[in-house]
Amino acid sequence: LDWSSDSQSLIVASKDLSARVYYKVCSKRMATTVLSGHRDQLRGAFFSKENECVYTVAKDGGIFTWKWEQQPETVVTEDSK
């Protein structure tokens with residue numbers, strides 16, 4: 001379990017071989033991303049200092065580096081419906 005440095009995201013490592021990243025945790029528009037690919041249970045998941053990467057560590061010693069770009073928010077207006 002780790003919070004991003006801006007406290008907007010949370011990552012949770014799981015025994016089901018995946019990690020889940022929750023974005024905008026304190027918002028009504030919270031989003032989730034599942035990171036999977038490990039072959040053994042996860043022991044930890046951490047954000048990089050600048051929140052550019054996530055690192056996941058498995059029981060078998062596997063370490064994954066996950067990089068992503070956050071997409072700009074889509075704003076729905078009455079005119080776009």
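## A chain built from strands

At 14% relative accessibility, Ser-48 counts as buried, where buried means under 20% relative accessible area, exposed means over 50%, and partly exposed lies in between (1.4 Å probe, protein chains only). Keep this residue in mind; we return to it below. The model is predicted: local features need pLDDT of at least 70, side-chain atom pairs count only at pLDDT 80 or more, and totals for chains, interfaces and linings use all residues. Residues are numbered from 1 along each chain as its sequence is written, and side-chain values use heavy atoms, leaving out hydrogens and water.

Start with the overall plan. The protein chain has 7 strands and 0 helices. Both terms refer to DSSP runs: helices are H or I with at least four residues, strands are E with at least two, and numbering starts from the N terminus. Along the sequence, the pattern reads β-β-β-β-β-β-β. Of the 81 residues in the protein chain, 27% are buried. The chain exposes about 6000 Å², and carbon and sulfur atoms supply 49% of that area. Such areas come from the Shrake-Rupley method with a 1.4 Å probe; for residues, only the protein chains shown count as cover.

Now look at the sheet. It is open, with 4 strands in the order β1-β2-β3-β4 and antiparallel pairing. Its edge strands are β1 (2–3) and β4 (31–36), and each pairs on one side only. Two strands pair if DSSP finds at least two bridges between them.

Follow the sheet from β2 onward. Strand β2 (residues 9–13) runs antiparallel to β3, and 5 bridges join them. Leu-10 stands opposite Tyr-22 in β3. The two strands β2 and β3 form a hairpin with 4 residues between them. In that turn, Leu-17 has a positive phi of about 75°. Next, 6 bridges join β3 (residues 18–23) to β4, again antiparallel. Here Ala-19 faces Leu-35 in β4, and the bridge partner of Tyr-23 in β4 is Ala-31.

What makes up the largest nonpolar core? It holds 11 residues: Ile-11, Ala-19, Val-21, Tyr-23, Leu-35, Leu-42, Ala-45, Phe-47, Val-54, Ala-58 and Trp-66. A nonpolar core is a set of buried Ala, Val, Leu, Ile, Met, Phe, Trp, Tyr and Cys residues joined through side-chain atoms within 4.5 Å. Strands β3, β5 (42–47) and β6 (53–58) each supply at least two residues of this core. In soluble globular proteins, nonpolar side chains tend to be buried together.

Phe-47 is found in strand β5. Phe-47 counts as buried because its relative accessibility is 10%.

A polar atom of the Ser-48 side chain lies 3.1 Å from the backbone nitrogen of Glu-52. Ser-48 also touches Cys-53 and Tyr-55, not counting residues up to four places away in sequence. Touching here is contact, meaning heavy atoms within 4.5 Å.

Finally, the cysteines. Is Cys-53 buried or exposed? Cys-53 is buried, since its relative accessible area is 10%. Cys-26 is exposed, with 71%. How many disulfides does a search of the whole structure find? The search finds 0, a disulfide being a pair of cysteine sulfur atoms within 2.5 Å.

Definitions and conventions. A polar contact is a pair of N or O atoms within 3.5 Å; within protein, one must be able to donate a hydrogen and the other to accept it, and residues adjacent in sequence count only if both atoms are side-chain atoms.
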